[in-house]
Amino acid sequence: MLYKFWMTVKKELLLLQRDFGGLVILFVMPLVLIITITLIQNSAFKSLSENKIPILLVDYDNGSISKTVKDNLNKNGSFSIVSKIHGIKLNETSAKEAVFKGEYQLAIIIPEKLSVDLQTKVDQNVNKILSGFGVTDSANTIKNGDVIGQKEVRLYFDPATQMTFKNAVKSAIDKMISQIETQSIYKTFQDQLGESNNPIFDQKSFIAFKEIVPTVNNKEILPNSVQHNVPAWSLFAIFFIVVPLSINIVKEKGQGTQIRLITNPVPYAILIAGKTATYLLICLIQFLLMVAVGVYIFPFLDLPVLDVSGKIMLMMNVAFFSGLAAIGFGILLGTVAKTHEQSAPFGATSVVILAAIGGVWVPVFAMPKVMQYVSHISPMNWGLNAFYDVLLRNGSILEILPEIIFLLLFFITTITIAILYDKKKRAV
Amino acid sequence: MTNSIIEVNQLYKKYKEADDFSVNNMSLVVEEKEIFGLLGPNGAGKTTLLSMLCGLIKPTSGTFAINHLTYDKNANDIKKIIGVVPQEYALYPTLTAKENLMYFGSMYGLKGKDLNKKVDKTLEYLGLLKFSNKKIDTFSGGMKRRVNLIAGILHNPKVLFLDEPTVGVDVQSKNVIIEYLKELNSKGTTIIYTSHHLSEAQDFCTKIAIIDRGKIYAEGTPNALISGTPNAHNLEDVFISLTGKELRDAI
């Protein structure tokens, strides 16, 4: 039986070896994919930090708030402020037009008298509080006609702007304005209490934050784009084995070789085991090549190095079981599909869908609630979590055990369905 | 005295989407060492019957036994004693003739030097030894047919099923194949064979069943069938007389 298994593996390897196009898909394309994606993502980060994004600023305020906004935007380093186009000073209409045409990504319109009105509003509020304590004199109390309405800083975004960029800008501006408001309140209190020359309030933020990252031997493990990209795209490539594997099975049906194999005294399990072993070997080689690219090639491309120190065996474990899951899916698809035209597009599309819902492209936490539940059915999600456990969360075999068990169960289930379907089909 | 090696008893087969039975109450007996021809027009039910006997599909009802064994109890034992030569070139096109044969031989439990020797000897007999290391997709139709045949007989099967083994090949290849099959038969292999070549079947088969619409219309030795049909001079006359001149395009 072992000899039959070995001969099946040998046959599968020979078939792959003679299929140059297939080999390119299996080994070269994943490497091209992983290098391209990481370079693009890394350069996107760089372009954000190195190339300044021009933003339009229309300042009708000309006060302390607009000055603070300008100072903060300049200090940020990611933006360059544009207040004139072709030498003509911007107004709200021209700024809006330029943004909606896609010439600029963002315009900020600071309304007239914003600084003055904010100060008046703060003065009113502080006076109200202090008069409640009997601290302030009647000369400073508010008159009814002095009510200040809510002001708004208007933002115009190019409709093509990514939501993440929009949200980041909105929250940054919101933070700036809150700071200005807080500082104004502190300052007004000091002025009202007659302590202008001797500050009684510390205006620095009391609460700061510090990111605590996992450590190994007291050394912090800082996640970078490579630590995310290599496992995610390796998994994607591993699952792409579904396409050549299902085509291989469909071909056997078309060529008639399957008839010969069914009429031979060899258990179907041996034939499946032979294919599984061969394609699993391919998956592991693919994975090691991609890891090697992360470790040895990325530094030459000015990318961060993939740190796998002390983790390679655990990563191989995840790759092994992910490979099994992919192979099970490929065998099932090959068994059910009748033609290449069915298996190849379906295989490719389903892998892309599994990757999408599995969190390879968009993190699961950023998905809508329903999709977060759906993501749990994707074997790529299990594999990805296991890789992140190993690479980013410093997890051990115990932490990745549940994901590994799920991947193994997926393999067993798909293979069982394939065998039962094949048996049923033979009874027609 | 002869022994039966295949016994088919009231066999029926109806495919899911078909209106009629492909095999409709067929019963027959094949004796050991016979060359049994299943002849019939397109869609007569020859390949369906052969597919059931090879264990590729299950009958709708009825029973059959091969060497007194049945698939539901002794599938593996049956598979060990039968050889199958399908109508398709059931070979891997990107593997060489030898690689194909070494693989399929190994699936029958043959291995090592014995298998290697057997493959070379058979390739030589069928005029293919010098092409043994060439890929199948470079072979002509006749060469592929011969390799296809070898893949089904490497393990010296007791019963050999052949589905149109000479279709689409030149006269030379056909002769080589038929001669080799006769030699196999002389060594004790029972052959069940389907064909559209009636003159080939007349010379080759020891017994023939003429099938149409899933039923056996006549059964006997070629000579008995010819002499038993009025105005028949050959098997073709018998065939037309029994199955008619109507076209049989089947889907």
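Me: What share of the contacts in chain A with a separation of 6 or more comes from residues 24 or more positions apart?
Reply: In this predicted model, such residues account for 78% of those contacts. Chain A holds 15 helices and eight strands, and 33% of its 428 residues count as buried.

Me: Why is Lys151(A) called partly exposed?
Reply: Lys151(A) has 17 C-beta neighbours inside 10 Å. A buried residue needs 20 or more and an exposed one has 12 or fewer, so Lys151(A), with 17, counts as partly exposed.

Me: Where does Lys151(A) lie, and what does Lys151(A) touch beyond four places away in sequence?
Reply: Lys151(A) is in the loop between helix H5 (114-132) and strand S6 (154-157) of chain A. Its contacts at that separation are Pro111(A), Leu114(A) and Asp117(A). Ile110(A), 41 residues from Lys151(A) in sequence, is 9.4 Å away, C-alpha to C-alpha.

Me: Which residues touch the most other members of the largest nonpolar core?
Reply: They are Phe239(A), Ile241(A), Val242(A), Phe161(B) and Ile192(B), in a core of 140 residues. Helix H11 (residues 312-336) of chain A gives the most to this core, with 13 residues. Another core, of 22 residues, lies apart from it and includes Val58(A) and Tyr104(A).

Me: What makes Ile241(A) and Tyr279(A) a contact?
Reply: A contact requires C-beta atoms within 7 Å.

Note on methods
Residues numbered from 1 in each chain as written. Chains lettered and ligands numbered in written order. Predicted model: local features only at pLDDT ≥ 70, side-chain atom pairs only at ≥ 80, totals over all residues. Core = buried A, V, L, I, M, F, W, Y, C linked by C-beta atoms within 7 Å. Helix = DSSP H or I, 4+ residues; strand = E, 2+ residues; numbered from the N terminus. Contact = placed C-beta atoms within 7 Å.
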